[in-house]
Structures are given as structure tokens and as C-alpha cells.
Amino acid sequence: DDMAIAGLQTALQNIDTAIVNLSTNPKPNYSINGQSIPWADYFKMLTSQRQAISELLVIAEGPGEDVWEGVSN
């Protein structure tokens, strides 16, 4: 479904933006839903979410077409 794929792509872009911000402007701790989270834990959470969304996106997009180019002698 194109809407689901677009939503996953948007989520992935948002996480990528958060990772860039986290890397360029690091703080010792972050607050999420009122809880203080250390930088490393927040980074680990974002990268885990990114991996999970990437996997869902691969599934949602379906099998791709592999293109092989060969050279014969």
C-alpha cells in the first residue's frame, strides 16, 4: 500500500533527522515522556527504531528486481 510505504519513509526520515541532531548537538541526557534518558540509550533507541522501520519498509515495498550484468570472454 502506497500510503503505508509513504508513512514508513516519513518515519525513517524523521529518525534520520533525530540521529543527525543527536550527533551534531549532543546533550548528556534527553527527556522523553518526562523520563531522563542518557545520550547512549537514546542513540541506541533511535538506531533500533531505524532498523525496525527499514525492515518493515523492505517488506512493504515487496521483492525488488535484481539486475545482473555479465561479461563473457
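**Close-up 1. How α1 and α2 pack against each other in this predicted model.** The two helix axes come within 9 Å, with a crossing angle of roughly 155°. Angles over 145 degrees count as roughly antiparallel, so α1 is roughly antiparallel to α2. As for handedness, α1 passes α2 in a left-handed crossing.

**Close-up 2. What the contact of α1 with α2 is made of.** Sort the residues of this contact by type and you get 16 nonpolar, four polar and three charged.

**Close-up 3. The largest nonpolar core.** This core has 13 residues. Ile15, Leu22, Tyr42, Leu46, Ile53 and Leu57 are the ones with the most contacts inside it. Both α1 (2-24) and α2 (39-61) supply at least two residues each, and α1 gives the most, with seven. Nonpolar side chains tend to be buried together in soluble globular proteins.

**Close-up 4. Leu46 and what it touches.** Zoom in on Leu46, one of the residues with the most contacts inside the core. Leaving aside residues up to four places away in sequence, Leu46 touches Ile15, Ala18, Ile19 and Leu22. Ile15 and Leu22 are also listed among the residues with the most contacts inside the core.

Close-up 5. The chain has 73 residues, and 18% of them count as buried. Take the contacts with a separation of 6 or more: 57% of them are between residues 24 or more positions apart.

Methods:
Residues numbered from 1 in each chain as written. Predicted model: local features only at pLDDT ≥ 70, side-chain atom pairs only at ≥ 80, totals over all residues. Heavy atoms only, no water. Core = buried A, V, L, I, M, F, W, Y, C linked by side-chain atoms within 4.5 Å. Buried < 20%, exposed > 50% of the residue type's maximum accessible area, 1.4 Å probe, protein only. Helix = DSSP H or I, 4+ residues; strand = E, 2+ residues; numbered from the N terminus. Contact = heavy atoms within 4.5 Å. Axes fitted to C-alpha atoms, helices over the stretch in contact; angles between N-to-C directions. Parallel < 35°, antiparallel > 145°, perpendicular 65-115°, else oblique. Left-handed = near helix turned anticlockwise from the far one by under 90°. Nonpolar A, V, L, I, M, F, W, Y, C, P; charged D, E, K, R; others polar.
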